[in-house]
Every structure is written in structure tokens, then in C-alpha cells.
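Visitor: Can you walk me through this model? I'd like to start with the packing and then go on to the cross-links.

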Amino acid sequence: MRNVGWLFHLSFFLLLGATSAYALTSTPEPRIPESLQSRAMYPTIVELQNDGDVHCPSGIFEHLHSSSTIRKVAEKLDLSPGCIWKTIRKNAENRKKPVHGFAFGSVSEISMTAGIGVSTELVIMKYDEKTLMIGQVYTEAGVVSIGLPGVSLNQSVIYGHCADGIFGYLGWFDTISALALSHNYGKAAYAPPTFGTYSGCNSLTSTRGTTTPILGASQSYYHQNSPFILVGGPRAAPLLKYISELNRRK
């Protein structure tokens, strides 16, 4: 009987340990804020650890149509400030208005003077003190510029008044470009260039490649290309800290 009792207690503790381990591994991810649940969003907040094979953000992605795809992209991203070009970090430090995040894009243009420019951006913006919002934005622009047709990479610092993470970065923009830098001014609604009401959500872009603008102007529309995702955790912490440090200097 003593052996039976010993086996019973051993079985009980093994079962308790297995149940506890299952509870730890099956803890559900927290839901996104209620204010975002009616929008095209990944349904939970994903905690990113400092593990796995990661790479710096880029705008070169296929169209991301599903929630599962944007999660896979987010899980592979290096979110350290070291991925941001020195030009953009310097301009972020010099902004007098709050910095909200950064965009990593690719752009193609089909004309040396007047034409059409299309681009994709992987946008990473602070949502709150613990989370970043990540998503792909697709832009279409009418371009008048002096430069070469082709494909280039760009990075942007996003600053000013941008509410609701990346959702505040969507819509119409007027752009003035010179010497590889483009100033993008968000608009509250469509209006001809230099007319209408501006939203205050702006960005400054540095371009590297054949389409680098020498001088130009454009009007573009930024729209959501796939569901956005909220991420937190140790891998998100350095960029959140960097954005907070930039804004403490304002």
C-alpha cells in the first residue's frame, strides 16, 4: 500500500507540473485596444523576443494581404535604432515637433520629368509607451522632378501631429524635394498642391538610388496596404526608448 501511495503522489505532482507548463505556454496574447478592433488590424498584441534571425526593415515586400503575413514580417524585423540611416537620425534629432516613428521604403518612377511614382513603405510608429504599430503603406504620386527613372530605397522620419499610430499617417501629402531630401506635408483632405488644410502629420525622406530627386514636387496618396499589427516585448523596447529620448529633447 505504501508503494501505491507513493506512486499516487508522484503521479499527482507530475500532472500538476504538466498542467502548469501548459498554462504558461498557452497564455493567450492580449487583445488590441477596443478602439482599433473595427479596423484592419492583427487581433492581438505580439510580444517580440530578442531571438531568431532578424533583419533591418525595408520597403521591398510583396503586397501583404493577410494578418498572418504581416505577423511573419514583424517577427523577422530588427527594431534597433541602428537600422536607421545616419541622415534620418540627424534629421529626427533636429525636428522641433514630436517624432512618432520611421518609414522604410522603395520607390520606382517611370519618367525623368513629369510622370507617376509608386512606392511601398514599411512604417513603424509608436502607439503607446509599450507598443509599436507596424504596417505596409502603398503610395501613388504625380511627380514633377529632375532626376532619373528607376528604383531607389528611402527612409523617413515621421513627426508632427499623428493620431492613432499609422492611421494618422494615411491620406494626401504634398511633397517638395531637393538634393535627395523630400519634405512631405500631410493634408486633412484632398486639395490642389499648396491649397487646403494640412493635417500636421509630416515626414522627411532621404532617398538613395537612381530616382534620387535633384529638384521636384509631387502630390501623393498614402493608403493601407495590409492589416497593421501592434508589437511589444524586449525587441520593441530599444526603438520605443529611442523615440522617447528624441522627444525629451523637444
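This is a predicted model: local features need pLDDT of at least 70, side-chain atom pairs count only at pLDDT 80 or more; totals for chains, interfaces and linings use all residues.

Visitor: Which residues of the largest nonpolar core touch the most other members?

Guide: Leu 79, Phe 102, Ile 134 and Val 231 do. This core holds 29 residues.

Visitor: And which helix gives the largest share of this core?

Guide: Helix α4, residues 237-248, with 5 residues.

Visitor: What lies apart from it?

Guide: Another core, of 19 residues. Its members include Ile 45, Met 125, Phe 167 and Phe 173.

Visitor: Switching to helix α3. Which of its residues are buried?

Guide: Ile 88, Asn 91 and Ala 92 are the buried residues of α3, which spans residues 86-94.

Visitor: Where do they sit around the axis?

Guide: They cover an arc of only 105 degrees, so they are on the same side of α3. There is a general rule behind such spacing. An α-helix has 3.6 residues a turn, so residues three or four places apart point the same way.

Visitor: What does the face turned away from the buried side carry?

Guide: The exposed residues Lys 86 and Lys 90.

Visitor: Now charges. How many salt bridges are there?

Guide: The count comes to 5 salt bridges. One of them joins the side chains of Glu 29 and Arg 71, at 2.9 Å from N to O.

Visitor: Where are those two in the chain?

Guide: They are in distant parts, 42 residues apart. Glu 29 is in the loop between α1 (2-25) and β1 (41-47). Arg 71 is in helix α2, residues 67-75.

Visitor: Buried or exposed, that Arg 71?

Guide: Buried, with a relative accessible area of 18%. The cut-off for buried is under 20%. Glu 29 is partly exposed, at 31%.

Visitor: What else does Arg 71 form a salt bridge with?

Guide: Glu 75, with the closest N and O atoms 2.8 Å apart. Both residues lie in helix α2, 4 residues apart, about one turn of the helix. Glu 75 is partly exposed, with a relative accessible area of 33%.

Visitor: What links Glu 29, Arg 71 and Glu 75, then?

Guide: A network of salt bridges.

Visitor: On to covalent links. How many disulfides does the structure hold?

Guide: It holds 2 disulfides. One joins Cys 56 to Cys 83, with an S to S distance of 2.0 Å.

Visitor: What is the torsion about the S-S bond of Cys 56 and Cys 83?

Guide: About -75 degrees, so this disulfide is left-handed. The pair links distant parts of the chain, 27 residues apart. Cys 56 is in the loop between β1 and α2, and Cys 83 in the loop between α2 and α3.

Visitor: And accessibility at each end?

Guide: Cys 56 counts as partly exposed, at 40% relative accessibility. Cys 83 is buried, with a relative accessible area of 8%.

Visitor: Now the Cys 162 and Cys 201 disulfide: how far apart are the sulfur atoms?

Guide: They are 2.0 Å apart. The link is right-handed, with 100 degrees about the S-S bond.

Visitor: Where is each cysteine of that pair?

Guide: Cys 162 is in the loop between β5 (150-160) and β6. Cys 201 is in strand β8, residues 198-209. The pair links distant parts of the chain, 39 residues apart. Cys 162 and Cys 201 are both buried.

Visitor: Last one. What pattern do the disulfides follow?

Guide: The pattern is 1-2, 3-4, with bonded cysteines counted along the chain.

Key. Residues are numbered from 1 along each chain as its sequence is written. Side-chain values use heavy atoms; hydrogens and water are left out. A nonpolar core is a set of buried Ala, Val, Leu, Ile, Met, Phe, Trp, Tyr and Cys residues joined through side-chain atoms within 4.5 Å. Buried means under 20% relative accessible area, exposed over 50%, partly exposed in between (1.4 Å probe, protein chains only). The arc is that of the directions from the helix axis to the C-beta atoms. A salt bridge is a side-chain nitrogen of Lys or Arg within 4 Å of a carboxyl oxygen of Asp or Glu. A disulfide is a pair of cysteine sulfur atoms within 2.5 Å.
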